Number of protein chains: 2
Amino acid sequence: MDNIIAQEARLRCRYNQLTNTAGIAPGYLQANLLVLPSKYAADFHDLCLRNPVPCPLLGVTVPGDPSAVRPAECIRSEDFDIRTDFPTYRVYSAGRCIESRRDLSDVWNEDHVGFLIGCSFSFEDALTAAGLPPRHQKTGTVVAMYRSNIPLLPAGIFTGGHCIVSMRPYRPEHIDRVRGITRAYLSTHGEPVAWGWDGAKQLGILDVAKPDFGEPQIFEEGEVPVFWACGVTPQIAVEAASNKIEGLVFAHEPGHMLVTDWTAEDLQKLKPGII
Amino acid sequence: MDNIIAQEARLRCRYNQLTNTAGIAPGYLQANLLVLPSKYAADFHDLCLRNPVPCPLLGVTVPGDPSAVRPAECIRSEDFDIRTDFPTYRVYSAGRCIESRRDLSDVWNEDHVGFLIGCSFSFEDALTAAGLPPRHQKTGTVVAMYRSNIPLLPAGIFTGGHCIVSMRPYRPEHIDRVRGITRAYLSTHGEPVAWGWDGAKQLGILDVAKPDFGEPQIFEEGEVPVFWACGVTPQIAVEAASNKIEGLVFAHEPGHMLVTDWTAEDLQKLKPGII
């Protein structure tokens, strides 16, 4: 694959020729965004490292420089700007979304640090390629998401909240394959955290027909729910800490992701170095 | 600090001049051990990466070579052997400890892979240096440990078990400092996962006076429990998967750790590279 595909996608987002990035630049990992004032960056970084399944960190901007991301493999192009290269952004103040905007140029300041967090679009492509497409893609609905009872392990000011999980229905005899396919995507939530009706109970989900976010999913005969950690979790953690955060916080508009230069293969190669 | 201190400690363990390694080679991180047949190594590696707070991975042996550890910074000396350089080992078959022995030379085969997992001795030194020594060190008891309700996120064959937590009593006004000191030790469990009597309830611990492992701890006037993730957790995960594991599994004898060449500072420097 040629990196030009990822860079072209980012430029189309910059110039607002794209909104929803689902299905764009297949093979490249897409990222969620969270931008915080620098004094909270170390705590948020720790939160991601301590909770890597719901909050998988793909990259962090270099303090003071919205064009540079560490590690450099995440965004290889020098023509990059985290303030413009997502299709749409949200602005939060005191934990509430106060504005949606096309770029952050007017509101970003030198003190902001941006965190790029893995998203499940990557493993959904792989499931589809294996003949096991997620139901919500076939029905054109938003994936069902639930508050689980898996606690987020605290990091500094981020002491509250639980893991959000997304759910896709599968037949029991397909679960081993579904687990195996998504296992490789360790940096974009990886394999499921629970499955089956007993799995739903273990997560504290009493009624699968009533998701907390997104839309209910249709179960076909014999199917059971399969749950993955979800990239909405870090936003919940930031909201839970909002009374401790001064200044503006930014995020991407849901579904409006950044196309990175990471591929699933890159992250597998990196694995032995992650300790 | 000179690495000779860590290497000397390992040689003293090799020649059985040392048993309990608590307090040995201050400043160097000590490691727990788990050795598995290679076909389970990828799943166990994933388990550690998905649950880094209870199962912090410090290093992995190179398949087929008991003298080489990745990353190389973990053990810098070429004169190393994972089969001899812990003071004492345990041999497990079908999830049960069947033998305790001084070295693994006779039972190790080329197919075994060894995992070095961070231990809390490191942050206990730092707490003591800050005038906040753990109670069990002052009373000469074994730290109290409990089964918590924090689920281990599944990885391959490792689908069961919960996080084990250790507990140290502190005064409420010291908790911020205790959190801050241990936060730096991200690769050896890091900051607490819960604290206070409400924290105990959140973890599902009904009676702090009755630990599941170790010994009850004495609370002085006004003190509350502070809980950290515990390095016993990976052993519990392996025991829970024992019906899926064929062949011998090895571990260290509790308290009989490996002194590594990692220092807390090394791991802080590495942090931005951990993604």
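Tutor: Gladly; let us begin with helix α2 of chain A and its neighbours. The buried residues of α2(A) pack against β1 (28–37), β2 (57–62), β6 (112–118) and α7 of chain A, and also against α5 of chain B. Contact here means heavy atoms within 4.5 Å, while helices (H or I, at least four residues) and strands (E, at least two) are DSSP runs numbered from the N terminus. This is a predicted model, in which local features need pLDDT of at least 70, side-chain atom pairs count only at pLDDT 80 or more, and totals for chains, interfaces and linings use all residues; side-chain values use heavy atoms, with hydrogens and water left out. Residues are numbered from 1 along each chain as its sequence is written, and chains are lettered from A and ligands numbered from 1 in the order in which they are written.

Helix α2 covers residues 41–50 of chain A and is mostly covered, with 9 of its 10 residues buried. Buried stands for under 20% relative accessible area, exposed for over 50%, and partly exposed for what lies in between (1.4 Å probe, protein chains only). The buried set of α2(A) is A41(A), D43(A), F44(A), H45(A), D46(A), L47(A), C48(A), L49(A) and R50(A).

Next comes the loop between β3 (65–70) and β4 (89–93) of chain A, where C74(A) has its place. With a relative accessible area of 0%, C74(A) is buried. Setting aside neighbours within four places in sequence, C74(A) contacts L58(A), G59(A), V69(A), L116(A), T260(A), D261(A) and W262(A). Although C74(A) and W262(A) are 188 residues apart along the chain, their C-alpha atoms are separated by 5.4 Å. P71(A) is also found in the loop between β3 and β4 of chain A, and the peptide bond that joins R70(A) to P71(A) is cis, with omega about -10 degrees.

In chain B, P71(B) has its place in the loop between β3 and β4, and the R70(B) to P71(B) peptide bond is cis, omega being near -10 degrees. T88(B) is found in the loop between β3 (65–70) and β4 (89–93) of chain B. T88(B) has 10% relative accessibility, so T88(B) counts as buried. The side chains of T88(B) and H256(B) are joined by a polar contact of 2.8 Å, that is, a pair of N or O atoms within 3.5 Å; within protein, one must be able to donate a hydrogen and the other to accept it, and residues adjacent in sequence count only if both atoms are side-chain atoms. Apart from neighbours within four places in sequence, T88(B) is in contact with S100(B), R101(B), H252(B), E253(B) and H256(B).

Now to what follows α5. T188(B) sits in the loop between α5 (175–183) and β9 (194–195) of chain B, and at 1% relative accessibility T188(B) counts as buried. Beyond its neighbours within four places in sequence, T188(B) contacts L29(B), P56(B), G118(B), C119(B), S120(B), S122(B) and F123(B). In chain A, the loop between α5 (175–183) and β9 (194–195) holds H189(A). H189(A) has a positive phi of about 85 degrees although it is not a glycine, and with a relative accessible area of 1% H189(A) is buried. A positive phi, near 50 degrees, also belongs to A25(B), a residue other than glycine, in the loop between α1 (4–14) and β1 (28–37) of chain B. A25(B) counts as buried at 8% relative accessibility.

Among contacts in chain A between residues at least 6 apart in sequence, 78% join residues at least 24 apart. Along its principal axes, the C-alpha trace of chain A spans about 55 × 45 × 35 Å.
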